[in-house]
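Subject: Structure handover

Hello,

Please find the structure below. My notes on it follow, with the cut-offs included.

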Amino acid sequence: MSTRGTKVERHSVSEQPHELKYEAKKEGTTPKKVEAAKKSAGSNQRSAVEKKLTAKKS
């Protein structure tokens, strides 16, 4: 693998619209709810955001 370029962070959800849309589609919700879950979790870690989203569904 190349050592050049930036590291791709797969364990976090960024603020970029395509990231929010991807996570929303994956979880069956809206990008706005993903943003709210990120704020509620206080983290952008994918596992924490997904945990918040599944807790809101129940």
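A residue is called buried under 20% relative accessible area, exposed over 50%, and partly exposed in between (1.4 Å probe, protein chains only). By that criterion, 24% of the 58 residues in the protein chain are buried.

Two notes on the source. This is a predicted model, in which local features need pLDDT of at least 70 and side-chain atom pairs count only at pLDDT 80 or more, while totals for chains, interfaces and linings use all residues. Residues are numbered from 1 along each chain as its sequence is written, and side-chain values use heavy atoms, with hydrogens and water left out.

Overall picture

The protein chain has three helices and zero strands, and its elements run α-α-α from the N terminus on. Helices (H or I, at least four residues) and strands (E, at least two) are DSSP runs, numbered from the N terminus. The accessible surface of the protein chain is about 4700 Å², with 53% of it belonging to carbon and sulfur atoms; these areas come from the Shrake-Rupley method with a 1.4 Å probe, and for residues only the protein chains shown count as cover. Of the contacts (heavy atoms within 4.5 Å) between residues at least 6 apart in sequence, 36% join residues at least 24 apart.

Salt bridges

Side chains of opposite charge can pair when their charged atoms come close. The term salt bridge here means a side-chain nitrogen of Lys or Arg within 4 Å of a carboxyl oxygen of Asp or Glu. The whole structure contains four of them.

- Lys38 and Glu15 form one at 2.8 Å, N to O. Lys38 is in helix H2 (residues 31–41) and Glu15 in the segment before helix H1 (17–27), so the pair links distant parts of the chain, 23 residues apart. Lys38 counts as buried at 8% relative accessibility, whereas Glu15 counts as exposed at 53%.
- Glu19 and Arg46 form another at 3.3 Å, N to O. Because Glu19 lies in helix H1 and Arg46 in helix H3 (residues 46–57), this pair ties together parts that are 27 residues apart in sequence. Glu19 is buried at 18% relative accessibility, and Arg46 is buried at 14%.
- Lys26 and Glu50 meet at 2.6 Å, N to O. Lys26 is in helix H1 and Glu50 in helix H3, 24 residues apart. Lys26 is partly exposed, with a relative accessible area of 42%.

Glu19 and Arg46 also belong to a network of salt bridges that includes Glu23.

Regards
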